[in-house]
Amino acid sequence: MSQVSDIKTKKSNLNGLGDFCVDLQGLRENLRGFESFAGGLMNPAQPVPDGVVGRDGNSSEKRYGVYRNNVMVSLIDGMAANFPGVHSLVGEEYFRALAAEFVRKHPPEQPVLSEYGGAFAEFIGGFPPLADYPYLKDVAQMEWAWLRVYHGGNATPLAPDALVDISPEQLGDVVFTVIPAHAIIYSRFPLSEIWRQSRSETVDGVTPESDQAILICRPDMDVTLTGLPQDVAAFADLLFFGKTLGEAAEVTSSVYDGFDLSQALGTLLSARVFAEVKVKGLTSA
């Protein structure tokens with residue numbers, strides 16, 4: 001009796017496995033159909049996917065074309081919103097053609113349009129028709145950094161006088177924690193002036209000269225932009241990577257003659273780019 005029961009159980013399991021295989025095959029077919037449908041949205045040369053039909057049951061190029069156009073327009077509009085400076089510099093018509101090329105080569109991998117376009121600067125830098133306008137890549141990099149900072153995590157910034165309670169003997173061992181919403185952009189072009197003309201925003205503390213470093217951060221609600229001398233930018237990078245104040249000052253002074261530690265530290269504290277300060281090995285100050 002138990003043998004009969006075992007046979008029935010095994011047969012039931014085999015039937016269930018067969019159903020699973022059928023379901024898995026159907027899933028694979030659905031995935032292939034999805035990939036074909038999605039791939040065709042970025043490639044106008046690709047034929048209408050199977051299953052896209054009109055009321056007569058025949059393949060409908062028109063229906064799929066409308067959907068394809070709507071998707072492309074939405075992505076290009078999103079790119080224009082994310083990179084208004086590049087849009088302004090190259091003009092509406094050229095930007096939309098440029099963005100369309102980018103979208104086809106770099107389709108979005110997630111549904112949030114404000115997080116789309118991270119590869120745009122590199123794309124511009126390798127786009128042959130823009131080879132005579134190398135500054136456009138830097139503008140795109142700065143716009144992407146601005147966007148990431150704008151959507152970055154919140155943190156309460158340190159007050160400019162945060163070091164007052166730390167004894168002079170301990171200052172060399174001070175370590176800063178930077179706020180999440182920050183970035184430093186380097187450029188060999190007068191990026192601050194280009195930024196002002198294309199986005200009508202002024203970068204504080206910098207003149208329109210080449211080889212610029214710009215600190216972008218959001219200590220509160222608004223994104224701020226502060227121009228940094230090259231030595232201050234190098235000093236800031238070391239602090240951002242966790243070097244102590246003494247270590248960062250020593251390295252920067254060895255590379256840049258005339259480095260002013262007090263002025264550099266004052267600039268960064270005034271920008272309110274730090275969230276925490278502590279003496280290495282001690283509790284937070």
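**Entry 1: the chain as a whole**

I began with burial: of the 285 residues in the protein chain, 37% are buried. The model I am reading is a predicted one, so I keep its confidence in view throughout. For secondary structure I noted 10 helices and five strands in the protein chain.

**Entry 2: confidence**

Where is confidence lowest, and where is it highest? I found the lowest mean, 50, in helix α1 (residues 2–42), and the highest, 97, in helix α5 (residues 120–125). Within residues 26–34 the pLDDT is below 50, and I see one contact in the model from this stretch beyond near neighbours in sequence. For the protein chain, the average pLDDT is 82, with 74% of the residues at 70 or above.

**Entry 3: α6 against α7**

Next I turned to helix packing. For a packed pair I wrote down the angle between the axes and the distance between them, as these describe the packing. Helix α6 (residues 135–150) meets helix α7 (residues 191–199) at about 70°, and their axes lie 11 Å apart. Angles of 65 to 115 degrees count as roughly perpendicular, so I logged α6 and α7 as roughly perpendicular to each other. On the α6 side I listed Tyr135, Asp138, Val139, Met142, Glu143 and Trp146; α7 brings Leu191, Ile194, Trp195 and Arg199. Sorted by class, this contact has seven nonpolar, no polar and three charged residues.

**Entry 4: α8 and its two partners**

I then took helix α8 (residues 230–240) with helix α10 (residues 261–271): the angle is about 65° and the axes are 10 Å apart. That makes α8 and α10 roughly perpendicular to each other as well, and α8 passes α10 in a right-handed crossing. From α8 I noted Val232, Phe235, Ala236 and Leu239, which meet Leu261, Ala264, Leu265 and Leu268 of α10. What classes do the residues of the contact of α8 with α10 fall into? I counted eight nonpolar, no polar and no charged.

For α8 with helix α9 (residues 245–255), the axes come within 9 Å and cross at roughly 145°. Here, too, I recorded a right-handed crossing. In this contact α8 uses Asp231, Ala234, Phe235, Leu238 and Leu239, while α9 uses Leu245, Ala248, Ala249, Val251 and Thr252. My tally for the contact of α8 with α9 is eight nonpolar, one polar and one charged.

**Entry 5: Ala100**

I picked out Ala100, which sits in helix α4 (residues 92–105). Is Ala100 buried or exposed? I have a relative accessible area of 8% for Ala100, so it is buried. Leaving aside residues up to four places away in sequence, I found that Ala100 touches Met72 and Ile76. I also checked Val73, which is 27 residues from Ala100 in sequence and 8.6 Å from it in space, C-alpha to C-alpha.

**Entry 6: two positive phi angles**

Finally, I checked the backbone. Ser200 has a positive phi of about 60°, though it is not a glycine. I placed Ser200 in the loop between α7 and β3 (212–217), and its relative accessible area of 65% means that Ser200 is exposed. Arg272, also not a glycine, has a positive phi of about 60°. I located Arg272 in the loop between α10 and β5 (274–279). With a relative accessible area of 27%, Arg272 is partly exposed.

Conventions: Residues numbered from 1 in each chain as written. Predicted model: local features only at pLDDT ≥ 70, side-chain atom pairs only at ≥ 80, totals over all residues. Heavy atoms only, no water. pLDDT = per-residue confidence, 0-100. Helix = DSSP H or I, 4+ residues; strand = E, 2+ residues; numbered from the N terminus. Contact = heavy atoms within 4.5 Å. Axes fitted to C-alpha atoms, helices over the stretch in contact; angles between N-to-C directions. Parallel < 35°, antiparallel > 145°, perpendicular 65-115°, else oblique. Nonpolar A, V, L, I, M, F, W, Y, C, P; charged D, E, K, R; others polar. Left-handed = near helix turned anticlockwise from the far one by under 90°. Buried < 20%, exposed > 50% of the residue type's maximum accessible area, 1.4 Å probe, protein only.
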